[in-house]
Amino acid sequence: MGKAGFVLRQVLEEYEVSQYSLAAALDIERNSVYRWANEKRDPSAETVLEIVRALKILNPLAAKAFVERYLGEEVKDL
């Protein structure tokens, strides 16, 4: 599976954002967040954007960390 789930799990743990709170912010079932965070399924590009938006509400620093780690070098020089 892809990088998004791995990065998401790291960020959720580091910034103490629960999978449940992210799922609630996204208005989805927690098992979807679980599958992403445990790299069983990749979120779509549209969903990654929704994750960033939800994280901005829950913890703006977590959102920033997710974007920086997920996109890394791609956004470094923008």
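Modeller: Happy to! Residues are numbered from 1 along each chain as its sequence is written, and side-chain values use heavy atoms, without hydrogens or water. Because this is a predicted model, local features need pLDDT of at least 70 and side-chain atom pairs count only at pLDDT 80 or more, while totals for chains, interfaces and linings use all residues.

Among the elements of the chain, helix 2 has the highest mean pLDDT, 98 (pLDDT is the predictor's confidence in each residue, from 0 to 100). Helix 6, residues 73-76, has the lowest, at 68. The chain as a whole averages 92, and 90% of its residues score at least 70. The chain has 6 helices and 0 strands, in the order α-α-α-α-α-α along the sequence.

Which residues of helix 2 are buried? Leu-22, Ala-23 and Leu-26 are, where buried means under 20% relative accessible area, exposed means over 50%, and partly exposed lies in between (1.4 Å probe, protein chains only). These residues of helix 2 cover an arc of only 100° around the axis, so they sit on the same side of the helix; the arc is that of the directions from the helix axis to the C-beta atoms. There is a simple reason for such a pattern: an α-helix has 3.6 residues a turn, so residues three or four places apart point the same way. In the whole chain of 78 residues, 33% count as buried.

The cover over that buried side includes helix 1 (3-14), helix 3 (30-37) and helix 4. Now for the loops that flank our part. In the loop between helix 1 and helix 2 is Glu-16, which has a positive phi of about 50° although it is not a glycine. Just after helix 2, Asp-27 also takes a positive phi, of about 60°, and it belongs to the loop between helix 2 and helix 3. Most residues other than glycine have a negative phi. Glu-16 is exposed, at 73% relative accessible area, and Asp-27 is exposed at 71%.

Next, the neighbours that do the covering. The axes of helix 1 and helix 3 come within 7 Å and cross at roughly 110°. Axes are lines fitted to C-alpha atoms, for helices over the stretch in contact, and angles run from 0 to 180 degrees between N-to-C directions. Helix 1 and helix 3 are therefore roughly perpendicular; angles under 35 degrees count as roughly parallel, over 145 as roughly antiparallel, 65 to 115 as roughly perpendicular, and the rest as oblique. Gly-5, Leu-8, Arg-9 and Leu-12 of helix 1 meet Val-33, Trp-36 and Ala-37 of helix 3, a contact being heavy atoms within 4.5 Å. By class, that contact holds 5 nonpolar, 1 polar and 1 charged residues (nonpolar: Ala, Val, Leu, Ile, Met, Phe, Trp, Tyr, Cys and Pro; charged: Asp, Glu, Lys and Arg; polar: the others, Gly among them).

Arg-35 is also in helix 3. With a relative accessible area of 27%, Arg-35 is partly exposed, and its C-alpha lies 8.0 Å from that of Gly-5, 30 residues away in sequence.

Helix 4 (residues 45-58) brings us back to our part through Ile-57, which is found in helix 4. The C-alpha atoms of Ile-57 and Ala-25 are separated by 8.2 Å, although they are 32 residues apart along the chain. Ile-57 itself counts as exposed, at 73% relative accessibility.

On its other contacts, helix 4 pairs with helix 5 (residues 60-71): their axes come within 5 Å and cross at roughly 150°, so the two are roughly antiparallel. Among the residues in that contact are Val-48, Ile-51 and Leu-55 of helix 4 and Ala-63, Phe-66 and Tyr-70 of helix 5. The contact of helix 4 with helix 5 has 11 nonpolar, no polar and 1 charged residues. In the loop between these two helices, Asn-59 is buried at 18% relative accessible area and touches Tyr-15 and Val-17, leaving out residues up to four places away in sequence.

Technical notes:
Helices (H or I, at least four residues) and strands (E, at least two) are DSSP runs, numbered from the N terminus.
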